[in-house]
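Subject: Structure handover

Hi,

Here is the structure for you to look over. My notes follow below it.

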Amino acid sequence: MLRSAVTGVGGYLPEQIVTNDDLAKFVDTSDAWIRERTGIRQRHKAAEDQPVSDLAVAAAKRALAAAGRTVDEVDMIVVATTTPDLTFPSVAAIVQRKLGCPVGIAFDVQAVCSGFVYALSVADGFVARNRSQCALVIGAETMTRLMDWTDRGTCVLFGDGAGAVVVEPVEGEGTTADRGLLGFALRADGAKQDLLYVDGGVSTNGQIGHLRMQGNQVFRHAVVNISEAVVAAAADAGVNVADVDWFIPHQANQRILEGVAKRLGIDSAKVISTVAKHANTSAASIPLALYEGISDGRIKPGQLLLMEAMGGGLTWGACVVRL
Ligand code: UT7
């Protein structure tokens, strides 16, 4: 059977680093509070003239190089983002133009912090049906553009960045030993919008708006909801959570990712955590963590990976991948 396999991974963080101490100069917070409650030490901030598509392009180039593919071969681009350059065209179409890819499929997926898992699932629908031979799936965000810098409950939590994977069709046996995207569980509960949203938009007030969050409420939902989705994704793939080599969670808060791992009985040595380095980069956080785990040699071809995320919507989801 045809499977969709991740054949290359890339990541990019903008140059400017903002430390917790930098934030404490203008908002009532401290390095100690942020580290203790979130595990975050710093975040990256895109330059003013650096739109999210530039971050996406940088990550995509690294992913293509890792896969041994060229821009000419890319026939589909899916970008998960909630902070697009423009209302339209999509970031995916802009990335296609900037990379110089030929005419193909390009569109964005909007599921906020869960966007990368949603986008991977969408790409699987094309690649495993032989409708794309070389897909770029990118999570890219400039979350700092959505911050209310007077709100200490949110502005310390987010950062900018991008991560990308190349997804290609491979022949499999239809077993859990196959390489590829093996299982998914996607969820949304729109009734919980008020817990995490942006108070602006094209067809409401014509503003970009600011991110608003009832952090402790989201925290409470996160551990329970994510755990359920992880178990469902593992069942969809036909594997046990215990079989997983690496747990690659959405990087929102060290306490959340540890809480989920504990609830699922996953050894902390199997958890990839990068939240300290780049804070919550929304849809970019899973591919950024994957990129770091591969770059430092921990994650190896053939290993079984479990990814999960939760964000605005509320949306959440999980996915099982054999690299
Ligand atoms: O990816 C999207 C999903 N989003 C998330 O996963 C975020 C989920 N939520 C969280 O990560 C945590 O809830 C936070 C990090 C946002 C907050 O941690 P918490 O332990 O839930 O704290 P809290 O909101 O209950 O606030 C505790 C105290 C409050 O002060 P009082 O009312 O007890 O006096 C807050 O005002 O901490 C205060 N506080 C801060 N203090 C210093 C809130 N933010 C800050 C801050 N610096 N930055």
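Start with the cysteines. The sulfur of Cys155 lies 16 Å from the closest cysteine sulfur, in Cys113, which is too far for a bond. A disulfide here is a pair of cysteine sulfur atoms within 2.5 Å. Cys155 counts as buried, at 0% relative accessibility. The cut-offs are under 20% relative accessible area for buried, over 50% for exposed, and partly exposed in between, with a 1.4 Å probe and protein chains only. Searching the whole structure turns up zero disulfides. Cys134 is in none either; its nearest cysteine sulfur, that of Cys101, is 8.4 Å away. Cys134 is buried too, at 2% relative accessibility.

Before the rest, the ground rules. This is a predicted model, where local features need pLDDT of at least 70, side-chain atom pairs count only at pLDDT 80 or more, and totals for chains, interfaces and linings use all residues. Residues are numbered from 1 along each chain as its sequence is written, and side-chain values use heavy atoms, with hydrogens and water left out.

**Domains and cores**

The protein chain splits into domain 1 (2–171) and domain 2 (180–322); the bounds come from an automatic or database domain assignment. Their centres, taken over C-alpha atoms, are 14 Å apart. Domain 1 puts 54 residues into the contact and domain 2 puts in 47. Contact means heavy atoms within 4.5 Å.

The largest nonpolar core has 46 residues, and Ile266, Leu306 and Val320 touch the most other members. Such a core is a set of buried Ala, Val, Leu, Ile, Met, Phe, Trp, Tyr and Cys residues joined through side-chain atoms within 4.5 Å. The elements giving two or more residues to this core are β8 (180–188), α7 (215–237), α8 (254–264), β12 (304–311) and β13 (315–322). Helices (H or I, at least four residues) and strands (E, at least two) are DSSP runs, numbered from the N terminus. α7 gives the most, with nine residues. Both domain 1 (2–171) and domain 2 (180–322) contribute, so this core lies between them.

Leu306 has contacts with Val230, Val241, Val244, Trp246, Phe247, Ile248, Ile266, Cys319 and Val320, leaving aside neighbours within four places in sequence. A second, separate core holds 34 residues, including Val6, Val127, Ile299 and Ala309.

**Helix α4**

Helix α4 covers residues 91–99, and its buried residues are Val91, Ala92, Ile94, Val95, Gln96 and Leu99. They pack against α3 (52–67), β4 (76–80), β5 (105–109) and β6 (135–142). Gly100 follows α4, with a positive phi near 80 degrees.

**Ligand**

A polar side-chain atom of Asn253 is 2.7 Å from a ligand oxygen atom. A side-chain N or O atom of Asn280 is 2.7 Å from an oxygen atom of the ligand. Met310 uses the backbone: one of its N or O atoms there lies 3.5 Å from a ligand oxygen atom.

**Single residues**

Thr274 sits in the loop between α8 and α9 (275–278). Thr274 counts as buried, at 1% relative accessibility. Its side chain makes a polar contact of 2.8 Å with the side chain of His278. A polar contact is a pair of N or O atoms within 3.5 Å; within protein, one must be able to donate a hydrogen and the other to accept it, and residues adjacent in sequence count only if both atoms are side-chain atoms.

Trp316 is in strand β13 and counts as buried, at 9% relative accessibility. Its side chain reaches the backbone oxygen of Asn225 at 3.4 Å.

**Backbone geometry to check**

- Phe88 to Pro89 is a cis peptide bond, omega near 0 degrees. Pro89 lies in the loop between β4 and α4.
- Gly313 and Leu314 are joined by a cis peptide bond, omega about -15 degrees. Leu314 is in the loop between β12 and β13.
- Asn130, not a glycine, has a positive phi near 65 degrees. Asn130 is partly exposed, at 47% relative accessible area.
- Ala279, also not a glycine, has a positive phi of about 55 degrees. Ala279 is buried, at 0% relative accessible area.

Best wishes
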